[in-house]
Amino acid sequence: VIHQRLAMLERKQPEPSLTQIEQFFEQFIEHIDRPNSFLGCLMCNTAVEVAIHDKIVASMVQQYFDRLRQGFARSLTRAKQNGEIDDSTDIGQISELLVGSVLGLTTYARSSAPRQDIRTYINGILAMLKLL
């Protein structure tokens, strides 16, 4: 699942940019109404529940977060080169914000929150991206 979700951010050609970050978050909208969406993301669940107690698991979780961070940073860098985002955008800061958003989103999806509230959260992330 991780490889499939990250494929658009990790592809070689054409290099990903802002569109791929948007598509990454849009795939959650498509998934949110499925019955298993209440399970959340195994890696994010593990980050919250197990990683604090197990160094090996913590390392695996960190590798996942690193892949996310690198994929976002690479896409944002390309978006900056393409003029899609402001030249003053702090790539590291926004990449970290997006990694945190993935963790927040997948945790939120596990809750009993109405699915529309979660869609609104995702749309907020997408709206923020348009302001960069």
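User: What counts as a helix or a strand here, and where is Ser-17 found?
Analyst: Helices (H or I, at least four residues) and strands (E, at least two) are DSSP runs, numbered from the N terminus. This is a predicted model, in which local features need pLDDT of at least 70, side-chain atom pairs count only at pLDDT 80 or more, and totals for chains, interfaces and linings use all residues. Residues are numbered from 1 along each chain as its sequence is written, and side-chain values use heavy atoms, leaving out hydrogens and water. Ser-17 is found in the loop between helix 1 (2-10) and helix 2 (18-31).

User: Is Ser-17 buried or exposed?
Analyst: Buried means under 20% relative accessible area, exposed over 50%, partly exposed in between (1.4 Å probe, protein chains only). Ser-17 has a relative accessible area of 8%, so Ser-17 is buried.

User: Which residues does Ser-17 touch, not counting those up to four places away in sequence?
Analyst: Contact means heavy atoms within 4.5 Å. Beyond those sequence neighbours, Ser-17 touches Ser-75, Arg-78, Ala-79, Asn-82 and Glu-84.

User: How many helices and strands does the protein have?
Analyst: From the N terminus on, the elements run α-α-α-α-α-α. The count is six helices and zero strands.

User: Which element has the highest mean pLDDT?
Analyst: pLDDT is the predictor's confidence in each residue, from 0 to 100. The protein averages 86, and 84% of the residues score at least 70. Helix 3 (residues 42-49) has the lowest mean, 60, while the highest, 95, belongs to helix 6 (residues 115-130).
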